[in-house]
Amino acid sequence: MNAQQLKNSILQLAIQGKLVEQRPEEGTAEELLREIRAEKARLIKEGKIKKTKPLPEISEDEIPFEVPESWKWVRLGAVSSYSQAKKKISPSEIRPDMWSLDMEDIEKESGKVLRIEKAKNREIIGDKLIFNKGDILYSKLRPYLKKILIAPDDGICSSELVPFFCYGRLNAQYVMWYLRSPYVTQIVNSVSYGVKMPRVGKDTIIMLSVPIPPLAEQHRIVSKIEELLPHIDQYDKAYTKLNEWNEKFPEAIKKSILQYAMEGKLVEQRPEEGTAEELLREIRAEKERLIKEGKIKKTKPLPEISEDEIPFEVPKSWMWVRVGNIGNWSAGATPSRQHPEYYGGDIPWLKTGDLTDGNIVHIPENITHEGLRHSSVRLNPVGSVLMAMYGATIGKLGILSIPATTNQACCACIPYHGVYNKFLFYFLMGERKKIVKLGAGGAQPNISKDKILKYAMPLPPLAEQKRIVTRIEELLSHCNAL
């Protein structure tokens, strides 16, 4: 339950007579209503308000919930001046020192006055409404914003705010909190008219059914709400902080898992599994064989790894290597769109948006063999590790579950024998942010294939790579459950 839901729950309990206890010695609402009717009659007699047509009685069907026996259901228009004509003032009559209240001066939900501006600082166009200190100000424009407050002083306002007062000793703050309740909010939202700037009609508010407690109980309800509000604010801060931690926690754990894995701290080392140095000799021999057979091209040797490039210590059986030395890397290309015959074939062709940070099993677009030849790119086999090099998806990863070619914003690696593709995948995932930071560009950041190939990577023996991946996936499944 978030803070707003908690506040709504409190207000709902308040208007149902469940927030404070009932006390027989405080009388009944019926006694208060007799006072209200008497004052209303006096005000009509004195010409201060106009006599209005009696409102219909509240039927059983209109009562949304039960209230204590000492309470009474009445229509808001019967106990307040909402239906009465509002006092207007023309621009020529407005004094410069008058408080001029605009809608944007009121904070949504809380009804707090954010700023007080004098009329001399406003551009006054058209008539304004006059309100008095203690009046309830109800925003009929976009009522879901709940810009409802008790006026702290006299002033003038837009006609989108309706000033009104309660008859007799009816507690205006109780009425204000009632208007903020989820029950009223649901009603006014359901009958508001207008798409861009919805409004609630005058009759809707006049006809609202209001549960009225005895006067003393009204005061106690208001006091209890005001007592609880600071705690709701504290709860809101704590709830927000907790949500932030809940969102960050699984990601922080994942980051730690991957970091521990690449430092050789996730599983134990086993002497019988050999060393990365032995593995590298096998990789170099395989690479020479593939070059000799014409299956890969000979490339310029990558520079040795300096001490400054090594960010942490790894077990003695491991080695630091360049990412470009543990697999055959290539970048993709896009066949010309001016040649539709290049598309619609049976060769899967993926874009960076198809990368899922997981296994890629479906690619929405295919190219023809002509498109593949035109692009001068290879068909990457199952198990290839892919990484997006620029654009909105920069750093995204994937492992091919089907043979596919890629566009130019993606590079692909076919790991050499002895390099587990999933180990490379998780290494790149753990280092993703650092790799992306090496890139350049503003609106379209990019990281070159050359920088990816030169990135330093810790390499364990193959058997340990597989055990590390098994442990990573076991722990990540628990993180996902979080």
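1. Two rings of Phe, Tyr or Trp, the last taken by its six-membered ring, are counted as a pair if their centres lie within 6.5 Å. On that basis, a search of the whole structure, which is a predicted model, gives 12 aromatic pairs.

2. One of these is formed by Phe65 and Tyr183, with 5.6 Å from centre to centre and 85 degrees between the planes, an edge-to-face arrangement. The two residues are 118 apart in the chain: Phe65 sits in the loop between helix H2 (29-45) and strand S1 (72-75), and Tyr183 belongs to helix H5 (residues 182-191). Both Phe65 and Tyr183 are buried.

3. Tyr82 is in the loop between helix H3 (76-79) and strand S2 (88-89) and Tyr138 is in strand S5 (residues 136-139), so the pair ties together parts 56 residues apart in sequence. Because buried means under 20% relative accessible area, Tyr82 at 3% is buried, and Tyr138 at 2% is buried too.

4. Phe65 and Tyr183 also belong to an aromatic cluster, which they form with Trp73 and Tyr178.

5. How do the axes of helix H1 (residues 3-15) and helix H7 (residues 215-262) cross? They come within 10 Å and cross at roughly 165 degrees. An angle over 145 degrees counts as roughly antiparallel, and H1 and H7 are therefore roughly antiparallel to each other. The crossing of H1 past H7 is right-handed.

6. On the H1 side, the contact is made by Ala3, Leu6, Lys7, Ile10, Leu11 and Ala14. H7 contributes Ile221, Ile225, Leu228, Leu229, Ile232, Tyr235 and Asp236. By class, the H1 contact with H7 comprises 11 nonpolar and two charged residues, with no polar ones.

7. Glu109 has a phi near 70 degrees, a positive value in a residue other than glycine. Glu109 is located in the loop between strand S3 (100-101) and strand S4 (128-131). Its relative accessible area is 26%, so Glu109 is partly exposed.

8. Lys146 is not a glycine either, yet its phi is positive, at about 55 degrees. The residue lies in the loop between S5 and strand S6 (148-150). Is Lys146 buried or exposed? With 7% relative accessibility, Lys146 counts as buried.

Note on methods: Residues numbered from 1 in each chain as written. Predicted model: local features only at pLDDT ≥ 70, side-chain atom pairs only at ≥ 80, totals over all residues. Heavy atoms only, no water. Axes fitted to C-alpha atoms, helices over the stretch in contact; angles between N-to-C directions. Helix = DSSP H or I, 4+ residues; strand = E, 2+ residues; numbered from the N terminus. Parallel < 35°, antiparallel > 145°, perpendicular 65-115°, else oblique. Left-handed = near helix turned anticlockwise from the far one by under 90°. Contact = heavy atoms within 4.5 Å. Nonpolar A, V, L, I, M, F, W, Y, C, P; charged D, E, K, R; others polar. Phe/Tyr/Trp six-rings, centres within 6.5 Å; stacked < 30°, edge-to-face > 60°. Buried < 20%, exposed > 50% of the residue type's maximum accessible area, 1.4 Å probe, protein only.
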